[in-house]
Every structure is written in C-alpha cells, then in structure tokens.
Amino acid sequence: MLGSEVETSEKGRGGKSGSAHNVCFFPYLKDIKAFSNELAKHVKNITLSTQRSDLSGYELIDMVEKYNGILIPAHIFTPHKSYYGNCSNRLQDIFKEKYDKIFAVELGLSSDTFLADEISELENKTFVTNSDAHSLPKIAREYNKMLVEDISFQEIVKALKNEDGRKVLANYGLDPKLGKYHRSFCEDCNDSIEIDEAATICPKCGGQNITFGVFDRIELIKDKKQTKSPENRPPYIYQVPLSFIPGVGGKTIEKLLNHFETEMNILHKVSEDDIEAVAGKKVAKNIISSINGDIQVHSGGGGVYGKVTIS
Ligand SMILES: [Zn+2]
Ligand SMILES: [Zn+2]
C-alpha cells in the first residue's frame, strides 16, 4: 500500500499546541505524487520523515480525499504525537462533521481493543494494529488479519469499512503493558509513576514534568462505565515478540528465522519440539511459556518498553 504518515497541528489540551500523526493511504502512484506535491506547501522539508505540517486533521482529510486516499489516525493514544495523547479528549472535536469519514483508527503498541473500547465514539470504528516502517526487524510485531477477495487497495478499504463481507478478522499485537508509553512517567524522577485520574503532579517529587501513559490517559478520558466491545469487534490476540522473551538473544533469533522464515511462523505455527531442535530446550520452553501467557509482564513507560519475566 502506498502510504504517508503526516503530522498535523491542533490547538491542544490546556491551550498548548498539540500534534498528531495520521496514516494516509493512496491507490496509485500518481495520486500519492500529487498529494506529496501539495503537502510540500505545508511542510518545511518534505523529504524528511513525518515533519510537522501546518495543517489540522480537519484540513488534512480533505486533501487526502482529493487524491482518492484514506486517512487513519495513527497510534491514537501515544503521549506526544497523537489525537487523544495531546490534542483532544474526543476525535469528534477534531474532525467535527467529517468524523464519519474516519472509519478506522490505529491502536498503537501501548493500547489494545479492550482499552480503546472504553471510549464510546470509537464503537463503530475499525481498529487496526500496525507496525510501522521505522525499523525493519520490527515489522509485523503488530498486524491485522483481513478477509478480502484479492490484495488491492479497494479490497483493503472495504475490509476497513466492514463492507460486503470484507472485514478485519483479528488484530495481533503486543500486550499493551509491553508498549513504551503504557504507564505515566515523571521526567524529574526519571521513573514510572502511578497517578490517579485527575492528578497532574508527580506523587513522589511534586514535579509537573509528567508524560501521561496511554493507560492513564484512557482512564482520564473514558466515558463507558463497563468495557464492552461491540458484537462485531474481532479478537485481539496478544503476541510477545521474540526479542522480548528472556534468554532469546539476537543470535538465537537469527537461527530461528533462518529455519522457520518468519516470526509469525515461530509464534503461531511451530511446535515446541521443532523449536527445541533448532534452539535448545530452554529457549523452546521460554517461547512456549510466552505464547501460552505463562509469564509476568512488567509495564513500560516514558519511552522504555515493558519487560517479560518467566519464573
Ligand atoms: Zn507516528
Ligand atoms: Zn517525580
């Protein structure tokens, strides 16, 4: 899919300016080229990655549609570059009467379906779990399984719109605790902190340099008493990437990949015996424990991933 991640500018929370990321997909090269030419008028250096534009999300969606594209708000809860993270409590306030043109939102590593379904305005939006292209080895640490007739832009759009039987069948992704921004973080203490709903100061040092975690941000803005996903919400399947599993280092991962080709195969298809034959008993046991959820997950925050331990 031809795509572009665009940073928009909003009047943010508490009078501060906020920025958000948007994933924009286009059907043809001519469309994305024309889009890029127009976007260049709103960005200082169009050749750098995700430079801040002077457009709002409300303005950007028109430009995307002009070139036959679709707009998906990206990693919607992350603290620094997302709509809920630092722009608004409601996407509807950003997109106003154009809110119906948004049919899918991207959850990001630190959230999942259960957390996002605490916000009622997301009820009829499709959730996508994407890994981005900043780092090749991390591709497919999150992904979507879709039911489509063939692999084309039109079919994927239909799946995202839940049209003609096309749909997202499952979301695969991290346990949100493993994400880099799950819990809140005090920049002054340089440590994760627990804060309750309305607090904006660090309970340890009294500092105000707090980076809200995704979990805490959702606690603050959720409007459903009970989390209940809509009937047609596909399952969210947790997966622990190999690099998070204790005792599985770079060399072992390389060996496993040489043998089983993809991380998806290793995490979802291969048996313990097969893994053991390639990487030994201990590694096989740890990978299977991770797959079965027989692990302890310690929350991440402040830009540091969560951790997995196996007792
Ligand atoms: Zn981004
Ligand atoms: Zn502190």
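## Around helix H6

The buried residues of helix H6 are covered by, among others, strand S2 (17–26), strand S3 (70–73), strand S4 (104–106), strand S5 (126–128), strand S6 (143–147) and strand S7 (167–173). Helices (H or I, at least four residues) and strands (E, at least two) are DSSP runs, numbered from the N terminus. H6 itself covers residues 153–161, and its buried residues are Phe 153, Glu 155, Ile 156, Val 157, Ala 159 and Leu 160. Here, buried means under 20% relative accessible area, exposed means over 50%, and partly exposed lies in between (1.4 Å probe, protein chains only). Just after H6 comes Asn 162, with a positive phi of about 65°.

## How to read the model

This is a predicted model, in which local features need pLDDT of at least 70 and side-chain atom pairs count only at pLDDT 80 or more, while totals for chains, interfaces and linings use all residues. Residues are numbered from 1 along each chain as its sequence is written, chains are lettered from A and ligands numbered from 1 in the order in which they are written, and side-chain values use heavy atoms, with hydrogens and water left out.

## The chain as a whole

The chain has eleven helices and 13 strands. Its C-alpha trace spans about 55 × 55 × 40 Å along the principal axes, and buried residues make up 50% of the 311 residues.

Among contacts (heavy atoms within 4.5 Å) between residues at least 6 apart in sequence, 64% join residues at least 24 apart.

## Helices H1 and H2

Helix H1 (residues 29–39) and helix H2 (residues 57–66) have axes that come within 9 Å and cross at roughly 145°. Axes are lines fitted to C-alpha atoms, for helices over the stretch in contact, and angles run from 0 to 180 degrees between N-to-C directions. On the H1 side, Phe 35, Glu 38 and Leu 39 meet Leu 60, Met 63, Val 64 and Lys 66 in H2.

Is Phe 35 buried or exposed? Phe 35 counts as buried, at 1% relative accessibility. Leaving aside neighbours within four places in sequence, Phe 35 is in contact with Ser 4, Val 6, Cys 24, Phe 26, Leu 60, Met 63, Val 64 and Tyr 67.

Which residues coordinate the zinc ion (ligand 1)? They are Glu 5 (OE), His 21 (ND1) and His 75 (NE2), at 1.9 to 2.1 Å. Glu 5 lies in strand S1 (residues 2–11) and His 75 in the loop between S3 and helix H3 (83–86), so the pair ties together parts that are 70 residues apart in sequence. Donors are N, O and S atoms within 2.8 Å of the metal (3.2 Å for Na, K and Ca); water is not among the atoms, so sites may look incomplete. Glu 5 is partly exposed at 21% relative accessibility, whereas His 75 is buried at 16%.

The zinc ion (ligand 2) is coordinated by Cys 186 (SG), Cys 189 (SG), Cys 202 (SG) and Cys 205 (SG), at 2.2 to 2.4 Å. In sequence, these donor residues are spaced C-x2-C-x12-C-x2-C. Cys 186 is buried at 0% relative accessibility, whereas Cys 189 is partly exposed at 27%.
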